[in-house]
Amino acid sequence: MLKLQKISTKIAGITVLRQIETEFKAGSLVAVVGHNGAGKTTLLRAIMGLIRLEEGRIEFNGRDLATVPDHRRASMGIGYAPEERVMFPTFTVEENLRLPCEVQRMPKQETDRRLEMTLQVVPQLKDMLARSGAALSGGQGKMAALGRALMAGRNLVLLDEPFQGLAPVLANQYAESLRRLRDLNPELCVIVTESNGSLLRDLPDTTLTLERGELAAAPHGASHHLY
Ligand SMILES: Nc1ncnc2c1ncn2[C@@H]1O[C@H](COP(=O)(O)OP(=O)(O)O)[C@@H](O)[C@H]1O
Ligand SMILES: [Mg+2]
């Protein structure tokens with residue numbers, strides 16, 4: 001569904017992603033693991049169209065994403081939870097969740113349906129709906145950011161280091177949510193980055209390793225986790 005064809009990017013003249021070539025399949029949960037500064041966030045931003053490609057091409061369901069402006073990617077069913085979760089503080093959590101659907105003029109009925117699915121996947125959000133986006137703790141904000149990514153992400157969901165800094169109880173809940181998400185949407189592709197791959201436990205089907213902007217060949221047997 002998502003093909004990266006030798007993509008390279010530069011930031012301030014320095015190559016940050018080098019000839020990344022890989023394919024993400026529908027129905028898979030793929031981990032992208034790499035040290036801080038490896039280029040994980042840049043990779044997700046490139047998929048979202050938030051950074052210009054120096055070379056290469058990103059194809060989504062057969063379509064060259066370069067022809068799709070970044071603000072239209074949500075309407076292609078791509079949801080994104082950035083590392084720095086950004087809830088609009090003057091909106092309630094529910095308004096924050098609905099926003100990506102409203103921006104793409106999704107019919108209200110469908111938005112309602114997606115909200116229902118999202119609350120099924122992340123039930124902790126139910127009690128937060130009426131609260132202000134500014135009133136969430138760090139962990140709650142991460143749950144809300146997941147929810148918001150799910151509202152838009154019918155086909156593809158990108159999660160940038162969601163487990164980083166989550167207290168163990170919340171990390172368990174987050175992992176449970178990802179399992180429910182996959183049960184409910186077996187065709188969904190989920191890409192999760194993490195600097196510490198063990199935080200992802202047995203969730204990923206595949207683990208890609210990013211090192212200084214390059215995809216390293218997965219060590220033999222990497223998908224059979226030893227931890
Ligand atoms: N806005 C920026 N200005 C300058 N350098 C940046 C910027 N964003 C990222 N970089 C550099 O790009 C590289 C990859 O960063 P990033 O994608 O954020 O890595 P990761 O998410 O894996 O920690 C790092 O070396 C970082 O210093
Ligand atoms: Mg990052």
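Residues are numbered from 1 along each chain as its sequence is written, while chains are lettered from A and ligands numbered from 1 in the order in which they are written. In this predicted model, local features need pLDDT of at least 70, side-chain atom pairs count only at pLDDT 80 or more, and totals for chains, interfaces and linings use all residues; side-chain values use heavy atoms, with hydrogens and water left out.

**The ligand site**

Select ligand 1 and the residues around it (a heavy atom within 4 Å): Ile11, Val16, His35, Asn36, Gly37, Ala38, Gly39, Lys40, Thr41 and Thr42. Helix α1 (residues 40–48) supplies three residues, the largest share of this shell; helices are DSSP runs of H or I with at least four residues, numbered from the N terminus. By class, the shell holds three nonpolar, six polar and one charged residues, with Gly counted as polar.

Next, display the polar contacts (N or O pairs within 3.5 Å). An oxygen atom of ligand 1 lies 2.5 Å from a side-chain N or O atom of Thr42. For Lys40, a polar side-chain atom is 2.8 Å from a ligand oxygen, and for Gly37 a backbone N or O atom is 2.7 Å from one. The protein buries 54% of the 560 Å² that ligand 1 exposes when taken alone (Shrake-Rupley method, 1.4 Å probe).

**Helices α4 and α5**

Move to α4 (residues 138–152) and α5 (residues 168–184), whose axes come within 10 Å and cross at roughly 10°. Axes are lines fitted to C-alpha atoms over the stretch in contact, with angles from 0 to 180 degrees between N-to-C directions. The two helices are therefore roughly parallel (under 35 degrees). Their contact (heavy atoms within 4.5 Å) includes Met143 and Leu146 of α4 and Tyr174 and Leu178 of α5. Seven nonpolar, three polar and one charged residues form it.

Conventions:
Polar contact = N/O pair within 3.5 Å; in protein donor to acceptor, adjacent residues only side chain to side chain. Parallel < 35°, antiparallel > 145°, perpendicular 65-115°, else oblique.
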